[in-house]
Amino acid sequence: MELKFSDEAERFRAEVRAFIAAELPPEIRASVAGDRMDLPSELQRRWMRILAERGWGASSWPREYGGAGWTDEQFYVFERELALMDAPRIASFGIQMLGPTLIEFGSEEQKQRFLPGTLNGEILWCQGYSEPNSGSDLASLRTRAVREGDFYVLNGSKIWTTDAHHADWMFGLFRTDSSGKKQEGISFMVLDMKSPGLTVRPIIMFEGTHEVNQVFFDNVRVPVAQRVGEEGKGWTIAKYLLGLERFGTAEVSRTLASIARLKRLVARIPAGEGMLIDDPDFSARIADAEMELRALELTELRFLFAPGGADALGAEASMLKIRGTEIQQTVFGLTLEALGLYGHSAGAETGDMPADVAAEIARGANASRVHFNFRKTSIYAGSNEIQKNIIAKAVLGLGR
Amino acid sequence: MNFAPTEEQVMFRDSVRRFVADEYPFDKRLKIVAEAPGYLPEHWKTFADLGWLSVPFAEEHGGLGGSPFDLMVLMEEFGRALLVSPYLSTVVVSGRLLQEAGGGTAFSLIAGIIAGDVQIASALAEAQGRYDLFDVATRADHRDGAWHISGRKIGVPFASSADRLIVSARTAGTRRDRSGITLFLVDSDAGGVTRHPYRTHDGGSAATVDFDHVAVGPDAILGERDSAWSSIEVASDIASAALTAEMTGAMWAAQEQTIEYAKTRKQFDQTLGHFQALQHRMVDMFMKCELARSMTIEATDGARLNDPTERTRRIAAARSLIGRYARHVGEEAVQIHGGVGVTMELPVGHYLKRVMAINATLGDPDYHRRRYVRLMRGEDNIAAVGRI
């Protein structure tokens, strides 16, 4: 047993730190340091360009497609340092999902056309999966793609589409056949968000952010050349994509950074005789979150660096998503509670107030927004209850 | 990063499993634990023959090298097997105290432990201090060239079958000082020593031990006078790390037996495993088992550290978290089994009893969380107070 990274990985860590310190623009850092996920898309593109120029734009892609060709250790270290230094998350739709999918299932022409722009942030992607009547039961999706010559004609609607309002392209699942089993007759396609007949309607979340949308397709024409893989085999690609999501969703590194922020915060917040960190109940709850995060971190490491390799891992990885989102939500709840009377702030009504008052109000508003915003994480990417169903069936063998 | 067990560790795991299959099946265990002190002397000899008693000791003392990871593997199997024995008390705690003390007497006792000839219980806890082992009111006074020990120790594991006792006594300072504590080696039937033994609900035994003007010579002192605290702290941390492994083994066994039961037991024409309310609860049990395994590795890795702050931080976190997880898994295992879960004849309830007994050994989950919080606040520098 060895609970340490190799010397090589530690040298790489120093290299990553130096790079981020030198190259991360302060306004991007400030935007990420507030724990928020909704980085403005221009800043996202800028950061992706910086990473791509260094050759670090897509760690998981092979070198021949502009990827970094890193080991698992290097990727883990890279992702940790991004989080601890308030650099943006790796763009999930383009870099972590669509890229590997095209590399695995796409034609040579599709790779040449989409991978370079995806790598450097010229193409931002969104994911067309969920539909109004297909949430956790994704395979029941009904948006139709009817073949007409060299085109598919799309009609229907996608919902909860994150970033559809600034994405350039969408990848998604569409029904090309409804005669057989629901998993059959689904095809995977990519399409231009400027296609005629496509409209995006914002859905405002309950804390006021605009991240998700409903997308309507009214006779949207998609060239057949933009289908990825065979017609009717989209479900295979969807399952492959779900497998790619197994390790990112725990967000261990991000939550480590959030707990560090929380501990700095409670050391400065007065509470009666001392500071909030002296409160035995509150500090015990922070300790619990920190210990539970450590348990999760080590579990993720055990899974990733298992003797048989991470690929040998089955549905156990679903627990990373469950625990990761639960702990993250706990930490943001504690951050909001720590602010006490300011914890109900949603933002100042006027700009006309002393700077220290404005700062307290803004801090409360950010904490409440983050707290409510992250309620989504236990719902999206397969709700935590769905993840438990998966573990019950695939790992424990129950209900067969 | 490497999580693969060594060949030696696999060998130890298999040797425990063979012993359990041949000598310690559950029905036989029930009969053995029915009689005080809860284990058979001939089994202790077998443990010596199998090399288990040498695992935590350094090679120069006849041990196996003292890797906490070897001990982890062994303890995890003990947890699975619900093995009752003075292993933790004699080998891990007393053995470590002897190793820390050093010197001819200590090393010959270690040889005796490894051979299976000597059992030594450590009498460290007192009622007023609960789990604070530095809270020592038992006094040792120096008179006429001898030390006279008086006081009461509680929760002394397997004291009734121990040949010797290691007792902590105050030789300087006041009750809760970390300095001024000295360890003494005492024959368990020496004049003035009275053992009040009782059975524990997990099948073992313990005792309240009274020391009434017990006279010992200066050679009974283990290690340096007045400065035993750091050794006690190390020994209890190492033992705590070992207990996390035992809990993890017990948790996995309880969880696996529950899953098996849920796959066979039918109600309303379906196996229990078909009911989603139960599925999700069993998934929660499974996740806690995985997390416990991770934190056991954390504690075991921490047990290798010389820096007492970092060592305590990791081990306290593991004991706090795993203690709560293990109780939850044990309670759920009993609940999902239904009526048979609360019967003597099924192992599942005995896992719950064992983890509850462990939670009352060397600090409960709340106690360990308080230790962790003190370090988190940075207000209690254990390195400074422990090494005076």
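## Terms and conventions

A residue is called buried if 20 or more other C-beta atoms lie within 10 Å of its own, exposed if 12 or fewer do, and partly exposed in between, with C-beta atoms placed from the backbone. By this criterion, 40% of the 400 residues of chain A count as buried.

The model is predicted: local features need pLDDT of at least 70, side-chain atom pairs count only at pLDDT 80 or more, and totals for chains, interfaces and linings use all residues. Residues are numbered from 1 along each chain as its sequence is written, while chains are lettered from A and ligands numbered from 1 in the order in which they are written.

## Chain A

Chain A contains twelve helices and ten strands; helices (H or I, at least four residues) and strands (E, at least two) are DSSP runs, numbered from the N terminus. Its radius of gyration of 22 Å is close to the 21 Å that the globule rule gives for 400 residues, so chain A is as compact as a globular protein of that length. The radius is taken over C-alpha atoms, and the rule is 2.2 Å times the number of residues to the power 0.38.

Along the principal axes, the C-alpha atoms of chain A fill a box of roughly 75 × 55 × 50 Å. Of the contacts in chain A between residues at least 6 apart in sequence, 69% join residues at least 24 apart. Two residues are in contact if their C-beta atoms, placed from the backbone, lie within 7 Å.

## Chain B

Chain B has twelve helices and ten strands. A compact globule of 388 residues would have a radius of gyration near 21 Å, and the 21 Å of chain B agrees with this. The box filled by its C-alpha atoms, taken along the principal axes, is roughly 80 × 50 × 40 Å.

Of the 388 residues of chain B, 54% count as buried. Among contacts in chain B with a separation of 6 or more, 73% are between residues 24 or more positions apart.

## Where the chains meet

The interface brings 31 residues of chain B into contact with 32 residues of chain A. On the side of chain B that touches chain A, two or more residues each come from α7 (229-264), α8 (276-302), α9 (308-337) and α11 (365-377) of chain B. The largest share, 13 residues, belongs to α8(B).

## Helix α6 of chain B

Helix α6(B) has twelve residues and reaches 17 Å from its first C-alpha to its last, close to the 16 Å expected at 1.5 Å a residue, where the expected span is 1.5 Å times one less than the number of residues. Its buried residues include B:A106, B:L109, B:I110, B:I113 and B:I114. They lie on the same side of α6(B) because they cover an arc of only 140 degrees around the axis, the arc being that of the directions from the helix axis to the C-beta atoms.

The cover over these buried residues includes α3 (41-49), α5 (87-101), β1 (120-123) and β8 (221-222) of chain B. The face turned away from the buried side of α6(B) carries the exposed residues B:G104 and B:S108. Just after α6(B), B:G116 takes a positive phi of about 85 degrees.

## Residue B:I113

B:I113 is placed in helix α6 (residues 104-115) of chain B. This residue counts as buried because it has 24 C-beta neighbours inside 10 Å.

Not counting residues up to four places away in sequence, B:I113 touches B:L53, B:T90, B:V91, B:G95, B:V118 and B:I120. The C-alpha atoms of B:I113 and B:S54 are separated by 8.0 Å, although these residues are 59 residues apart along the chain.
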